[in-house]
Each structure stands twice: as C-alpha cells, then as structure tokens.
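Me: I am new to this structure. Please take me through it, and tell me what stands behind each label.

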Amino acid sequence: MLWQRFQDDSNVSRCYSTGQPRVTTLNEDWYLAVTAKRKKRSTASDLSRQLFSATGTTVSRQTVYRRLGHIGLYARRPVRCVPLTPTHCRLRLTCTPGTRYQKENIIERHRYGGAGWLVWDGIILDSRTHLHVQSVTMTGHIYQDVILEQNVRLFRGAMDAEFLFMDDNARPHRANIVDECFQSEDITRMDWSAYSSDLNPIEHVWNMLG
C-alpha cells in the first residue's frame with residue numbers, strides 16, 4: 001500500500017483515521033493507572049466515576065479496561081481467606097511468587113461451622129484414593145484410624161521412600177497421636193503454612209465437585 005501511494009502521488013504519510021477520536025488524554029490515562037494501583041479494589045466503574053469527578057471526562061467501563069490493559073493491569077477477584085498474621089503472610093508468599101496473595105489483594109473472612117460431615121479424598125500423581133464420607137466430627141483418633149491407617153499407609157507402601165504426605169494444619173491433623181503414627185509408619189510430612197488451605201491442590205478438586 002505504501003509503495004502504491006508513493007507511485008501515485010509521491011506521498012507515504014499516514015492517512016487520517018476514520019475511527020472515533022480518543023476520549024482520554026495521556027494525563028487522564030496516567031490518572032487511571034495511578035488510581036488503579038493505589039486503590040486496588042476499585043472496579044472499572046469506580047475508576048470511571050473518579051475520572052469524571054477529577055477531570056469531567058466521561059468514559060465507559062470498557063475504555064477503562066482497555067487503558068489499564070495497555071499497561072498490564074487486569075481485573076482480578078480478591079482472594080478470600082482467614083485472618084493472617086505477618087508470619088502467615090511471609091510464609092505464604094514464599095510459596096506463591098507474584099502479587100496475588102499480597103495483603104492489599106486479600107479480603108479476610110473467618111468463618112467456621114460446628115459438627116458436620118467428614119469428607120476426605122487423596123490425590124497422587126495420576127491416581128487418587130476412594131472418596132470417604134462419614135457423619136462424624138473429626139478427631140485425632142478418627143484421623144489416624146480412618147484416614148491414615150486405611151488410606152495413607154497403603155499409599156506409603158506403594159510409593160516407598162519417594163512418598164511425601166501433605167495435609168493442612170487442622171487441629172486433629174496435628175494431634176500427638178497422629179505424629180506418633182507418622183513416626184511409626186516412617187511417613188514424611190510436608191511442612192505447611194498455617195491458614196493456607198486455599199493453597200492446597202485438593203481444594204481445586206472440591207471446587208469442581210461443588
């Protein structure tokens with residue numbers, strides 16, 4: 001096209017665009033970027049209203065999405081988790097690089113129920129255990145007798161020395177009787193950060209089942 005234009009009129013300058021004019025200036029784009037970074041829980045609609053309040057310029061949510069997308073800022077749902085201490089946050093971030101689990105991107109929610117159903121399943125490589133469902137309150141004794149003895153011990157025997165077991169820090173999982181069972185069966189347990197059940201791969205399985 002440029003060569004044809006040069007042959008026709010000796011001109012290769014860019015043609016004027018026939019699309020809609022740009023509704024924001026570079027300064028307004030900069031304002032959107034700074035506001036989005038400072039107030040990370042703002043929605044596109046919030047940013048649009050703030051821009052109008054500051055400059056009088058009206059833009060749509062889609063325009064805000066595009067402007068922020070050009071500099072690598074995209075919408076993310078805030079992570080929900082239980083209240084975390086500074087130590088919890090530090091240990092979690094060592095397992096999850098990036099910004100998703102930083103404190104400003106997390107909404108804390110502490111909610112526990114009472115007695116209910118025990119639902120347990122284990123995953124390993126390309127296999128899994130049978131789903132165990134029982135109307136009972138989990139205790140250290142039940143965890144040892146039902147879960148460890150009937151399921152984990154068998155997997156330990158199949159994997160031999162390569163077996164590394166991961167569970168969370170629920171109180172029944174950390175009972176003395178459970179620790180003694182791991183020692184007697186020579187089962188190595190993975191260290192796990194407190195209040196980090198959302199980092200457990202099995203939680204993705206529960207999400208799919210739900």
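Reply: Start with Thr57. Its side chain makes a polar contact with the side chain of Glu28, at 2.5 Å. This is a predicted model, where local features need pLDDT of at least 70, side-chain atom pairs count only at pLDDT 80 or more, and totals for chains, interfaces and linings use all residues. Residues are numbered from 1 along each chain as its sequence is written, and side-chain values use heavy atoms, with hydrogens and water left out.

Me: What makes the pair of Thr57 and Glu28 a polar contact?

Reply: A polar contact is a pair of N or O atoms within 3.5 Å; within protein, one must be able to donate a hydrogen and the other to accept it, and residues adjacent in sequence count only if both atoms are side-chain atoms. The two side chains come to 2.5 Å, so the pair qualifies.

Me: Which residues does Thr57 contact, beyond its neighbours within four places in sequence?

Reply: They are Val23, Glu28, Leu51 and Phe52. Contact means heavy atoms within 4.5 Å.

Me: Why is Leu73 put in its accessibility class?

Reply: Leu73 has 26% relative accessibility, so Leu73 counts as partly exposed. Leu73 lies in the loop between α4 (61-69) and β1 (79-81). Setting aside neighbours within four places, Leu73 touches Ala33, Ala36, Lys37 and Leu68. Leu73 and Ala33 are 40 residues apart along the chain, with 8.2 Å between their C-alpha atoms.

Me: How do you know that the buried residues of α7 line one face?

Reply: In α7 (residues 176-184), the buried residues are Val178, Cys181 and Phe182. Down the helix axis they fall within an arc of 100°, so they line one face. The arc is that of the directions from the helix axis to the C-beta atoms. An α-helix has 3.6 residues a turn, so residues three or four places apart point the same way.

Me: What covers the buried residues of α7, and what is on the face turned away?

Reply: The cover includes α6 (140-159), β7 (164-165) and β8 (188-189). The face turned away carries the exposed residues Asn176, Glu180, Gln183 and Ser184.

Me: What makes Asp186 worth a look?

Reply: Asp186 has a positive phi of about 55°, although it is not a glycine. Most residues other than glycine have a negative phi. Asp186 lies in the loop between α7 and β8. With a relative accessible area of 53%, Asp186 passes the cut-off and so counts as exposed.

Me: What makes a set of residues a nonpolar core?

Reply: Such a core is a set of buried Ala, Val, Leu, Ile, Met, Phe, Trp, Tyr and Cys residues joined through side-chain atoms within 4.5 Å. The largest here has 15 residues, of which Tyr143, Leu148, Val152 and Phe165 touch the most other members. β3 (118-120), α6 and α7 each supply at least two residues. α6 gives the most, with six. A second, separate core of eight residues includes Ala36, Leu47, Leu51 and Val59.

Me: How many helices and strands are there, and how much of the protein is buried?

Reply: There are eight helices and eight strands. Of the 210 residues, 30% count as buried.

Terms used: Helices (H or I, at least four residues) and strands (E, at least two) are DSSP runs, numbered from the N terminus. Buried means under 20% relative accessible area, exposed over 50%, partly exposed in between (1.4 Å probe, protein chains only).
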